[in-house]
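Here is a short report on a two-chain model. It covers helix packing, the chain contact, backbone geometry and confidence.

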Amino acid sequence: MTINLILLFALILVALWTVMTIRLIRSIVGLALTSAILSVIMYRLHSPLAAVFELSVCSGLISVIFVTTVSFTQRISKEKLRIRRKERLLKFWYLPVILIATAVMLCQHLLTPQFTLPLLVPAQGLGVRDLLWSCRHLDLLGQVVMLLAGAFGVVILFKESRK
Amino acid sequence: MLSLFILIPLLLLFILNLPVKFIRQGAFGLVGLLLSVQILAALLHSLFPWSAFPEILGSFFIFSLAVDNLTLVMLLTIGTVALVSLIVAASTIGQERLRFYFVNLLLICVIGMNAIVLVRDIFSLYVFIEIVSVSSFILIALERNKSAIEGTFKYLMLSAMATVFILSGIACFLLAAGDLSFVSIHSAFYDPAASFILKVAASLFLCGLFIKAGVAPFHGWVMDAYLASPASVSVLLAGVATKISGVYVLLRLFGSVFIVNAPLQNIILFAGAFSIVLGALAALTQDDLKRMLAYSSISQIGYIILALGCATPLAFAGAVFHFFNHAIFKSLLFVNAAALEKRFGSTDMNKLAGQGYKMPVTGITSLMGVLSTAGIPPLSGFWSKLIIILALFSSGRFVYAGIALLASVLTLAYFLVFQRRIFFCKSELQEPALENPGKISRALGFSEISLAIITVVTGAVFVFMPGNWIMPLKGIFW
């Protein structure tokens, strides 16, 4: 339980750093770290397959796509960077306070013996294939439609703008 | 048979994208035919109960879909509004390329909406809500100008927040119920051990759905999205897309999944009343027609939410009836706005003032829409508002009933100001040159007249409806 709490706290901390940092590259590293910690949590919650997918797709593949995109952008001057960093810290000073308050509340609430989180027992005997093809037909179809929508989005919003 | 509502549009989507020129040219006709069949199927279900037939593709696709009276009303609404949006697009979107993209995205949106009203598990529901959202983002940004991108960005950001709430809610439902079907979640509500986590789940889910539905104070994206999108997309979004992914899901969850308790009821009632008042007051001060209609939508959605909070079978029937009526008269008013925008190049009421008398069809149909929205008898909006207010009175919620009644007067006030400024007075200013007036006015005029007829006829034949159509809606309550 303590390790899970430390992991959860680390997850929130890294996620916060991801959105607070001014540099895109650091943000990408933060996102990859968030996914990596999430993968460890998933593994500890008896979902090794979800953990592997999270680690490979979110932490690996998506980071590569982000880094490629960032490589097309231009650096801003050091002076502008300093001003923006200062502005951002002033604007979001309350976020770390909220984080610490939430962590304290969570620790107090979760560590009381009355509160037990009903963890699901993983389905026995069901492989990934069975799970996808026998149980979740409709979601899969939905995801196919979602991919089609995404493809139209890329064609309409990005491919056309290059012409 | 039910899976055909998802599979046929999907098949048509693939067919339209085959590299065959004449299929692409006939895209509007094919999609129009499909939507007409959907309207007929929903209307004639009592004569020809197609849902009782076994799944044709049952051996390949095992879907847990179901149909009831609420689903039928939604299928009818989706078909009607999507068809009107298609007709508006045919006359307002000029470029062939954009017209083709519009048809494809409309089909994807229809697939998502049909699936939302047919599914009976909460995760599939979420997947299809996202499909509607993603297709809506792209549709808003279709013309790729600055305001369209800004509108899309706002919608995207708030929708992402809604997604986080909804997914967190789903995770909590899974923890509490062990399964995500509506039946399992409903059963879990009777288990006292799962009470705390179900409250968290329901709260998170409601926050997400309020954002999707554009209920105040989660309405930040609505105005920019409606204002920035092309006319046909405004019709689709305001008429049905945001309502199916937000309001319908609330109707379904309150009707057949959640067990409503007093604190939850009070939250919903307050949110509904707040939305009604804020939307109506904000609409009073607007100079842009589409922005005024967007605020009016927020106000009218408030009535549906208020009826949900009342949580009696009569209120529920009123909510569904108002959902249908609102989809029709709000689509009508957005089509009117599209006609004015096409002819005068603007939706700014200061520029449109005194010009509308040149468009008598738009003026008369707009009056029908305005009076129905304000709840003037015998139009359809009057009856649905009456049912909601009666339900509030009969459950002892006099303050909320009073708010609903007074807000109707406010609605009448801002709409009459709009009607008088644009259609009931003459301006000597010259109107801008028209690009292609005859063709445009026929297509838009057809949509305007059809929707106005539906509004008038629904109100006129209302006395025959309660026993056959409206009261059976109560049946979806557990």
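In this predicted model, helix α1 (residues 4-16) of chain B and helix α5 (residues 96-118) of chain B have axes that come within 9 Å and cross at roughly 165°. Axes here are lines fitted to C-alpha atoms, for helices over the stretch in contact, and angles run from 0 to 180 degrees between N-to-C directions. Helices (H or I, at least four residues) and strands (E, at least two) are DSSP runs, numbered from the N terminus. α1(B) and α5(B) are therefore roughly antiparallel to each other. α1(B) passes α5(B) in a left-handed crossing. A crossing is left-handed if the near helix is turned anticlockwise from the far one by less than a right angle, and right-handed if clockwise.

From α1(B), the contact uses Phe5(B), Ile6(B), Pro9(B), Leu10(B), Leu12(B), Leu13(B) and Leu16(B). Residues of α5(B) in the contact include Val103(B), Leu107(B), Ile111(B) and Leu118(B). Two residues are in contact if their C-beta atoms, placed from the backbone, lie within 7 Å. By class, the α1(B)–α5(B) contact has 14 nonpolar, two polar and no charged residues. Ala, Val, Leu, Ile, Met, Phe, Trp, Tyr, Cys and Pro count as nonpolar, Asp, Glu, Lys and Arg as charged, and the others, Gly among them, as polar.

Two packed helices are described by the angle between their axes and the distance between the axes.

| Helix pair | Angle | Axis distance |
|---|---|---|
| α17 (residues 380-394) and α18 (residues 398-422) of chain B | about 155° | 7 Å |
| α13 (residues 289-310) of chain B and α17(B) | about 35° | 10 Å |

The angle in the pair of α17(B) and α18(B) is about 155°. That makes α17(B) roughly antiparallel to α18(B). Their crossing is left-handed. α17(B) brings Lys385(B), Ile388(B), Ile389(B), Leu392(B) and Phe393(B). α18(B) brings Phe398(B), Tyr400(B), Ala401(B), Ala404(B), Leu405(B) and Ser408(B). The classes in this contact are nine nonpolar, one polar and one charged.

α13(B) also passes α17(B) in a left-handed crossing. The contact joins Tyr303(B), Leu306(B), Ala307(B) and Cys310(B) of α13(B) to Lys385(B), Ile388(B), Ala391(B) and Leu392(B) of α17(B). Seven of these residues are nonpolar, none is polar and one is charged.

Next, the fold of chain B. It has 20 helices and zero strands. Its C-alpha trace spans about 70 × 60 × 45 Å along the principal axes. With 478 residues, a compact globule would have a radius of gyration near 23 Å; chain B has 21 Å, which agrees. That radius is taken over C-alpha atoms, and the globule rule is 2.2 Å times the number of residues to the power 0.38.

What does each chain give to the contact between them? The contact takes 29 residues from chain B and 19 residues from chain A. On chain B, α1, α5, α6 (122-140) and α7 (146-177) each supply at least two residues. α6(B) gives the most, with nine. The side of chain B that touches chain A has 22 nonpolar, five polar and two charged residues.

Some backbone details follow. Most residues other than glycine have a negative phi, and most peptide bonds are trans. A cis peptide bond joins Ala216(B) and Pro217(B), with omega about 5°. Pro217(B) lies in the loop between α9 (195-213) and α10 (222-228) of chain B. The bond from Pro377(B) to Pro378(B) is also cis, with omega near 5°. Pro378(B) sits in the loop between α16 (360-374) and α17 of chain B. In chain A, His46(A) has a positive phi, near 65°. Its place is the loop between α2 (24-44) and α3 (48-70) of chain A.

Last, confidence. The predictor gives the complex an ipTM of 0.82 and a pTM of 0.84. pLDDT is the predictor's confidence in each residue, from 0 to 100. Chain B averages 86, and 91% of its residues score at least 70. Over residues 433-439 of chain B the pLDDT is below 50, and this stretch has two contacts beyond near neighbours in sequence. Chain A averages 76, with 78% of its residues at 70 or more. In chain A, confidence is lowest in helix α6 (residues 128-135), at a mean of 62, and highest in α2(A), at 89.

Residues are numbered from 1 along each chain as its sequence is written, and chains are lettered from A and ligands numbered from 1 in the order in which they are written. In this predicted model, local features need pLDDT of at least 70, side-chain atom pairs count only at pLDDT 80 or more, and totals for chains, interfaces and linings use all residues.

Conventions. Angles under 35 degrees count as roughly parallel, over 145 as roughly antiparallel, 65 to 115 as roughly perpendicular and the rest as oblique.
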